[in-house]
Amino acid sequence: MSSTMETADDPGADRPSGWADPIGEIRRFFRPARERWRAYRNRKLADGAFQARATRFPLTRPFAQEASRRLFDLCAGFVYSQVLSAGVQLGLYEALRDRPLRLSEIAGRLELDEEAARVLLRASASLDLIEIEEGLDKEATYALGALGAALLANPGALAMIRHHDALYADLADPVALLKGGKGARLSRLWPYAARPKTRKGKAANDAKASAGDADMAAYTDLMEASQDIVAREVLAATDLSWARRVLDVGGGSGRFLTAFASHHPDAELHLFDLPAVAAVARQRLPGTRNGRRITVHEGDFFTDPLPEGYDLATLVRIVHDHDDEAVVALLTRIREGLRPGGVVMIAEPMSGDRHSGPVADAYFGFYLRAMGSGRPRTPDEIAALMKRAGLSRAREIPTALPVATKIVVAEIPRRSVAFT
Ligand SMILES: C[S@@+](CC[C@H](N)C(=O)[O-])C[C@H]1O[C@@H](n2cnc3c(N)ncnc32)[C@H](O)[C@@H]1O
């Protein structure tokens, strides 16, 4: 287990002494120099004449070229994603799975005319999704590229790409999305984001509640497709062999718990999710390895009683879907049902991680905005919410693939027993 992220109660804790936070102290010392350097750099980069000189001068040319390429990639990123999406929808990568093909063969399989197929193939090659080989007879053949091959091994990514049409429709007007608070298409795909988080709101909404149930099978499939990689990372990063009774809150179709079951043959496993999703889990689990070991509970985790008596509660890709107050309310309810010494584990992609690049903040930030609730958080922000819910010793456990998931755990404080 890595760093402890307890937030102290006294306000002075925001500004620790140099001994308590030496790295922060060094950063504060260099802040004025950093600010001066940033202002100088930005003045130069915003100057067209400087840019032109930098491109002509051999020593600065590689940097200038790299900078303009990165900027152009940002401008064109949406188009690159659509090239990828066209390849997935038309079955390009599947078509090349077994062997390279010629243009005419690919056009036939994808039901495109040859000119359209060529546009797609050249675009895909420029993005390393496929590779073009000049044939001996001068007729090119097209093979899977490194990224195309990796994509075929990642059903979660394929499922995400297929459902991105809803996200991209909502992102067509990003300013309207920021000002309006949610997107029309994604908020329909994730109906629970709009569900009331209190008993009173629930009663008023009960009549409408089943309207979104049909969509739940769709998002449950989407989550299932990407769960294996998350479960693999969580189980590789943690030793949870001490956990006897486990509750996976918002456990979907049970994919995380079936993976958990293979690592921990003696643990008693329980899943809690909305009735429509619990029905999917009950239907699918008996057909899976270890599925019969999982007891499925149904209800709304904000308003219905949660099962009690667990020593580990897991929330895998749950917390980022909800706003702060709702998260604190949920964690408080979970804490109240844990055994003494019980642990809460939150696993999801988190904000502010330099290894994950822009995935959490740019992708999930806008995705969750379109969905209509929640946001990606840093491990520290999650730790602070856990603390507000009465949990203690919040700390991050590093994972090998933070882009798929990071982990924060916290415990319920030991009971203080008074003997006199
Ligand atoms: C993003 S999915 C994650 C599913 C699963 N943990 C995973 O990682 O694949 C969120 C899950 O939380 C469930 N959920 C959302 N709101 C809920 C609520 N109020 N009560 C119970 N479950 C809820 C959803 O039905 C869904 O299965």
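Predicted model: local features only at pLDDT ≥ 70, side-chain atom pairs only at ≥ 80, totals over all residues.
Residues are numbered from 1 along each chain as its sequence is written.

Let me start with the overall layout. The C-alpha trace of the protein chain spans about 90 × 60 × 45 Å along its principal axes, and the secondary structure comes to 17 helices and ten strands, where helices (H or I, at least four residues) and strands (E, at least two) are DSSP runs numbered from the N terminus. The domain assignment gives domain 1 (60-153) and domain 2 (188-192 + 214-411), with bounds that come from an automatic or database domain assignment, and the C-alpha centres of the two lie 36 Å apart.

Next, the packing. Of the 420 residues in the protein chain, 31% are buried; a residue is called buried if 20 or more other C-beta atoms lie within 10 Å of its own, exposed if 12 or fewer, and partly exposed in between, with C-beta atoms placed from the backbone. The largest nonpolar core has 68 residues, and Ala313, Leu331, Val344 and Met386 have the most contacts inside it; such a core is a set of buried Ala, Val, Leu, Ile, Met, Phe, Trp, Tyr and Cys residues joined through C-beta atoms within 7 Å. A second, separate core has twelve residues, including Leu84, Tyr93, Leu129 and Leu144. Leaving aside residues up to four places away in sequence, Val344 touches, among others, Ala313, Leu331, Ile334 and Met386, contact here meaning C-beta atoms, placed from the backbone, within 7 Å.

Now to the ligand. There are 18 residues around the ligand, and Tyr192, Met223, Gly250, Gly252 and Arg317 come nearest, a residue being near if its C-beta atom, placed from the backbone, lies within 6 Å of the molecule. This shell divides into nine nonpolar, four polar and five charged residues, counting Ala, Val, Leu, Ile, Met, Phe, Trp, Tyr, Cys and Pro as nonpolar, Asp, Glu, Lys and Arg as charged, and the others, Gly among them, as polar.

An open sheet of three strands has the order E1-E3-E2 with antiparallel pairing, and strands pair if DSSP finds at least two bridges between them. Strand E1 (101-102) and strand E2 (130-133) stand at the edges, each with a single partner strand, so one side of each is left without a neighbour in the sheet. E1 and strand E3 (residues 141-144) pair over two bridges, and Leu101 stands opposite Tyr142 in E3.

Finally, some loop residues. Glu111, in the loop between helix H5 (103-110) and helix H6 (114-126), has a positive phi of about 55 degrees although it is not a glycine, and with 10 C-beta neighbours inside 10 Å it counts as exposed. Asp128 lies in the loop between H6 and E2, has a positive phi of about 65 degrees while not being a glycine, and is exposed, with 12 other C-beta atoms within 10 Å.

Terms used
Contact = placed C-beta atoms within 7 Å.
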